[in-house]
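This report covers one protein model. It goes through a strand, a residue and a cavity in turn.

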Amino acid sequence: MTTMIDRRALLAGTSALLAAPTPGFGQQPWPQGRLIKLVVPFTPGGATDVLGRLIADKLGQTWGTSIVVENRPGAGSNIGTEAVAKAEPNGETLLIVSVGLATNQYLYAKVNYDPIKDFAPITMVALVPNLLVVNNQLPVKDVAELVAYAKANPGKLTYASSGVGTSLHLSGELFQKLTGTKMVHVPYRGSAQAIQDLIGGRVDLIFDNITSALPQAKAGMIRGLGVTTAKRAPTAPEFPPIADTVPGFDVSSWFALFAPAKTPPEIVAKIQADTRAGVADPALRAKMDALAAEPGGWSSDELGTFLRSELKKWGDLIKEAGIKAD
């Protein structure tokens, strides 16, 4: 006959057995059984969002799991970026971000994250060149003529951008620095209206993302002079690099994956490897080609080195030019 002590021991043993994890449960290889979130620190529809959703779909197919894209815009990408910096480093929260990670600490009075200490670099997703375009009324046919015209008319040329501190704005600032010219910056809330004003002759030029500027240039509505990258863009080989005329000029709109710092290295390595394989897939590459995006797939170390170079490059320029974001 079972005693009271025996029954208590039996119940305790049964409870412990029920509470114990099933062998292998909770120890599945990452990311099995996980809900992964990819934070896009911008509104839907922009280049970061589009590329983020492309890579999220591809990785979700590869992993057989769901990847939720969460748009958290605000403060020039600072709100969404800060959220990821403070997230648990368990591989369940990722970030796709652009040049703001390298520039915002210089543009804003206070940024609540450190781009180096608070993030683990994973890989570059894509790079998109900007295209220097001018309105058809401006009497220049190439970059050399533009430089000569700007020097002959200091402070008279206007260049548009999609906002203070964007790659479009910084392209113009770097151009002025390297050519010794002076132009007037006209910031917009996005490049769509800026392009319309360029077509209408209300601004003189813009270093716009090639994705939006190229169709207008090919249609003859504006005049393309050169790409901002050091090499010709495969999607627009007819435009020479600005660097052919202005040595040292090299700007890309880049889009890269990061995780919170201290994310396990094996998780970072898996995301990097699967992203590299994903952007090499012909179906995904075709979609990226349509965006004039050059696929990435860099190693984590390469991305980390690149980020440090961007911090140095743009930090020096922003401080020298005295640029501040609202």
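## Strand β9

Strand β9 (residues 252–260) is mostly covered, with nine of its nine residues buried. Buried means under 20% relative accessible area, exposed over 50%, and partly exposed in between, with a 1.4 Å probe and protein chains only. Helices (H or I, at least four residues) and strands (E, at least two) are DSSP runs, numbered from the N terminus. The model is predicted: local features need pLDDT of at least 70, side-chain atom pairs count only at pLDDT 80 or more, and totals for chains, interfaces and linings use all residues. Residues are numbered from 1 along each chain as its sequence is written, and side-chain values use heavy atoms, with hydrogens and water left out.

Strand β9 pairs with β4 through nine bridges, and the two run antiparallel. In this pairing, Leu127 has Trp254 of β9 as its bridge partner. Strand β3 (residues 93–97) is also antiparallel to β9, joined by three bridges, and Phe258 in β9 is the bridge partner of Leu95. Two strands pair if DSSP finds at least two bridges between them.

## Asn130

Asn130 is part of strand β4 (residues 119–134). Asn130 is buried, with a relative accessible area of 0%. The Asn130 side chain makes a polar contact of 3.3 Å with the side chain of Ser253. A polar contact is a pair of N or O atoms within 3.5 Å; within protein, one must be able to donate a hydrogen and the other to accept it, and residues adjacent in sequence count only if both atoms are side-chain atoms.

Leaving aside neighbours within four places in sequence, the contacts (heavy atoms within 4.5 Å) of Asn130 include Ser167, Phe207, Asp208, Val227, Val251 and Ser253.

## Cavity

A search of the whole structure gives one cavity of 30 Å³ or more. A cavity is a set of points, on a 1 Å grid over the protein atoms alone, where a 1.4 Å probe fits but cannot get out; lining residues have an atom within 4 Å of a point. The largest cavity has a volume of about 30 Å³, volume being the space filled by probe spheres set on the points.

Its lining consists of Leu38, Ile55, Ala56, Leu59, Ile67, Leu94 and Leu257. Helix α2 (residues 47–63) gives the most to this lining, with three residues.

## Whole protein

The protein has 11 helices and 10 strands. Of its 326 residues, 50% are buried. Its C-alpha atoms fill a box of roughly 105 × 45 × 30 Å along the principal axes.

Notes: On a 1 Å grid over the protein atoms alone, a cavity is a set of points where a 1.4 Å probe fits but cannot get out, and a pocket is an open set with protein on both sides within 12 Å along at least five of seven lines; lining residues have an atom within 4 Å of a point.
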